[in-house]
Amino acid sequence: MLTWPAAEAVVLDMDGVLIDTEPVWRAAQSAVFAGFGVALSERDLLDSTGQPIEELIPVWRRRSPAPDPAGPELTDTELTDTELTDAETAGLIVDRVIAHVTAEGRPMPGVTAAIALFERCGLRLAIASSSPLRLIDAVCSRLGLTRITVRCSAMDEARGKPAPDVYLTAARRLGVAAANCLALEDSPAGVASARSAGMRCVAVPDPLLAADPRYREADLVLGSLTGLDEAALRRLGVPVPG
């Protein structure tokens with residue numbers, strides 16, 4: 001049995017861990033790229049779960065059909081969707097996800113109890129997400145997680161998940177060594193990111209990705225956060241009050 005150093009903090013992924021936005025992301029990306037004449041398959045969308053949208057847009061935009069050289073020349077007031085910049089395209093997708101969060105966002109099962117348990121154990125909390133900060137802020141506002149003030153976006157890093165950058169930034173901002181952090185993730189890319197940062201990791205797999213062997217890198221795999229209790233935390237090196 002592994003002996004862990006005492007955990008001092010929990011670093012939470014957001015989409016699919018705190019809130020069920022993974023399907024919303026997939027739908028938003030599919031709809032926006034359909035406007036470019038690019039059909040994204042379910043496999044495209046599932047395989048990219050957990051990766052920053054800014055890294056995916058240039059890859060997928062290369063699939064756009066070439067403009068017809070014989071077609072009419074457009075004026076500045078007649079620009080099509082395909083002439084949006086990558087940043088503007090990302091903005092359209094994020095706007096759709098934020099609209100859903102603001103109107104309908106609900107915490108994933110077990111989130112409220114898990115946050116209360118972490119706070120009872122005296123653990124510091126941070127978010128390390130591939131989403132932009134404005135979406136992280138919208139989720140925290142909707143779910144009442146305003147006490148989580150350390151919010152890190154992989155969009156601000158040189159490399160997104162599965163690289164460890166955003167998790168290392170979260171640990172640094174918490175003032176806690178990565179080895180003393182517990183990460184919660186739902187995607188294979190996120191699990192790889194947390195483990196590469198040197199954190200122990202609990203995975204709550206996206207049901208559509210549950211067969212992915214990369215989840216075996218996690219130190220504990222749960223069907224939902226409702227299964228995260230004091231006994232599980234003790235096994236992961238979290239000091240739980242008696």
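Figure 1. Trp60 lies in helix H3, which covers residues 53-61. The model shown here and in the following figures is predicted. Trp60 has a relative accessible area of 4% and therefore counts as buried, the cut-off for that class being under 20%. Setting aside residues up to four places away in sequence, Trp60 touches Gln29, Phe33, Val38, Leu40, Asp44, Leu45 and Ser48.

**Figure 2. The protein as a whole.** This view places the close-ups in their setting. The protein contains 9 helices and 6 strands. Along the principal axes, its C-alpha atoms fill a box of roughly 75 × 35 × 30 Å. The radius of gyration is 19 Å, which agrees with the value near 18 Å that a compact globule of 242 residues would have. Of the 242 residues, 52% are buried. When contacts between residues at least 6 apart in sequence are considered, 67% of them join residues at least 24 apart. The accessible surface comes to about 11,300 Å², and carbon and sulfur atoms account for 54% of it.

**Figure 3. Leu184 and the nonpolar cores.** The largest nonpolar core holds 56 residues. Which of its residues touch the most other members? They are Leu18, Phe118, Leu135, Leu184, Leu228 and Leu233. Leu184 is in contact with Val10, Val11, Leu12, Asp13, Val17, Phe118, Tyr167, Val202, Leu225 and Leu228, again leaving out residues up to four places away in sequence. Apart from this core lies another, made up of 26 residues, including Ala154, Ala171, Ala183 and Met199.

**Figure 4. Ala7 in the segment before strand S1.** Ala7 is located in the segment that precedes strand S1 (9-12). Is Ala7 buried or exposed? Its relative accessible area is 6%, so Ala7 is buried. Beyond residues up to four places away in sequence, Ala7 touches Leu123, Asn180, Arg200, Gly237, Val238 and Pro239. Ala7 and Gly237 are 230 residues apart along the chain, yet their C-alpha atoms are separated by 5.8 Å.

**Figure 5. Arg96 in helix H4.** Arg96 belongs to helix H4, formed by residues 86-104. With a relative accessible area of 46%, Arg96 is partly exposed. Once neighbours within four places in sequence are left aside, Arg96 is in contact with Ala28, Ala31 and Val32. The C-alpha atoms of Arg96 and Trp25 are 8.3 Å apart in space, while the two residues are 71 residues apart in sequence.

**Figure 6. Thr112 in helix H5.** Thr112 is placed in helix H5, which consists of residues 111-120. Why does Thr112 count as exposed? The reason is its relative accessibility of 59%, because residues over 50% fall into the exposed class. Leu18 is 94 residues from Thr112 in sequence, and the C-alpha to C-alpha distance between them is 8.9 Å. Leu18 is among the residues of the largest nonpolar core that touch the most other members.

**Figure 7. The cis peptide bond between Lys161 and Pro162.** Most peptide bonds are trans. The bond joining Lys161 and Pro162 is cis, with omega at about 20 degrees. Pro162 is situated in the loop between strand S3 (150-153) and helix H7 (165-174).

Key
Residues numbered from 1 in each chain as written. Predicted model: local features only at pLDDT ≥ 70, side-chain atom pairs only at ≥ 80, totals over all residues. Heavy atoms only, no water. Helix = DSSP H or I, 4+ residues; strand = E, 2+ residues; numbered from the N terminus. Rg over C-alpha atoms; globule rule 2.2 N^0.38 Å. Buried < 20%, exposed > 50% of the residue type's maximum accessible area, 1.4 Å probe, protein only. Contact = heavy atoms within 4.5 Å. Areas by Shrake-Rupley, 256 points an atom, 1.4 Å probe, with all protein chains shown as cover. Core = buried A, V, L, I, M, F, W, Y, C linked by side-chain atoms within 4.5 Å.
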